[in-house]
Amino acid sequence: MKPDKKTNNKQQYRINEQIRVREVRIVDEDGSSVMPTRQALDIARQKGVDLVEISPNAQPPVCRIIDYSKFLYQQKKRAKEMKQKQVKVEVKEIRFGPQTDDHDYQFKLKHAKEFLEEGNKVRAYVFFRGRSILFKEQGEVLLLRFANDLEECGKVEQLPKLEGKKMFLFLAPKKAAQAKKSQQKMDRERREAEAKEAGKPVEVNEIDAEAPANGGLFANVKGGEELLKKLQDSNEE
């Protein structure tokens, strides 16, 4: 069936007499076959539908014998379904003060973990109000601790960076398989289980023998050793 003139003005595909090649490949539920374009047009007319060119650059061009309106509806529906399947990544914000207490820290850590496990990114920042900018190193340590506590479900995209009165840390979600349990942790647990079965005490150094020298989270980060030392020093205080 021919679409109306209004549809012709905004047509995305060539149909019927607009297809001027000598032969086309017709695809349907039974497979595909090459035939003269005139023959394909006759079949479309007999069925009361249209000859629709869906792949003009193929040799020969690929067409379907289908009602053009129905074809457009199917294309629109398919595009909508694909859009719905796409994961929309949002950036969730977590705000700290330079002297955030432990209860508030744990509350925000829990939310950040949920955000990352849902596939969202996290932008954590410390806001320095007035003279609290004097505690910027304390704010940096807090953000490093935050990144370290989220190691299993998040990876650092940007280390703590001061911009004006705010110090930002950006985290991205790890892949689902990585978020569940790191390979290093699985190996450690396996060694612990084997040692337990053998009745052998597990040495801390033995468990951590394969751990990166400068810490897992900061192993491949520029200045990682310095950052790890800063975090460890703050934990010892």
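This briefing covers the salt bridges of a predicted model and the surroundings of its helix α2. Local features need pLDDT of at least 70 and side-chain atom pairs count only at pLDDT 80 or more, while totals for chains, interfaces and linings use all residues. Residues are numbered from 1 along each chain as its sequence is written, and side-chain values use heavy atoms, with hydrogens and water left out.

A salt bridge here is a side-chain nitrogen of Lys or Arg within 4 Å of a carboxyl oxygen of Asp or Glu. By this rule the count comes to nine. Helices (H or I, at least four residues) and strands (E, at least two) are DSSP runs, numbered from the N terminus. Buried means under 20% relative accessible area, exposed over 50%, and partly exposed in between (1.4 Å probe, protein chains only).

**Salt bridges across the chain**

- Arg14 and Glu53 pair through their side chains, at 2.9 Å from N to O.
- Arg14 is partly exposed at 42% relative accessibility, whereas Glu53 is buried at 4%.
- Arg45 forms a salt bridge with Glu17, with 2.6 Å between the closest N and O atoms.
- This pair also links distant parts of the chain: Arg45 belongs to helix α2 (residues 37-47), and Glu17 to the loop between α1 and β1, 28 residues apart.
- Both partners are partly exposed, Arg45 at 45% and Glu17 at 37%.
- A network of salt bridges links Glu17, Asp42 and Arg45.

- Asp104 and Lys108 form a salt bridge, their closest N and O atoms being 3.3 Å apart.
- Both residues lie in helix α4 (residues 102-117), four residues apart, or about one turn of the helix.
- Asp104 is partly exposed, with a relative accessible area of 26%; Lys108 is buried, at 19%.

**The two sides of α2**

- Thr37, Ala40, Leu41 and Ala44 are the buried residues of α2.
- They span an arc of only 100 degrees around the axis, which puts them on the same side of α2; the arc is that of the directions from the helix axis to the C-beta atoms.
- β1, β2 (31-36), β3 and β4 (62-66) are among the elements that cover these buried residues.
- Arg38 and Gln46 are exposed, on the face of α2 turned away from its buried side.
- Gly48 follows α2 and has a positive phi, near 75 degrees.

How values were computed
Contact = heavy atoms within 4.5 Å.
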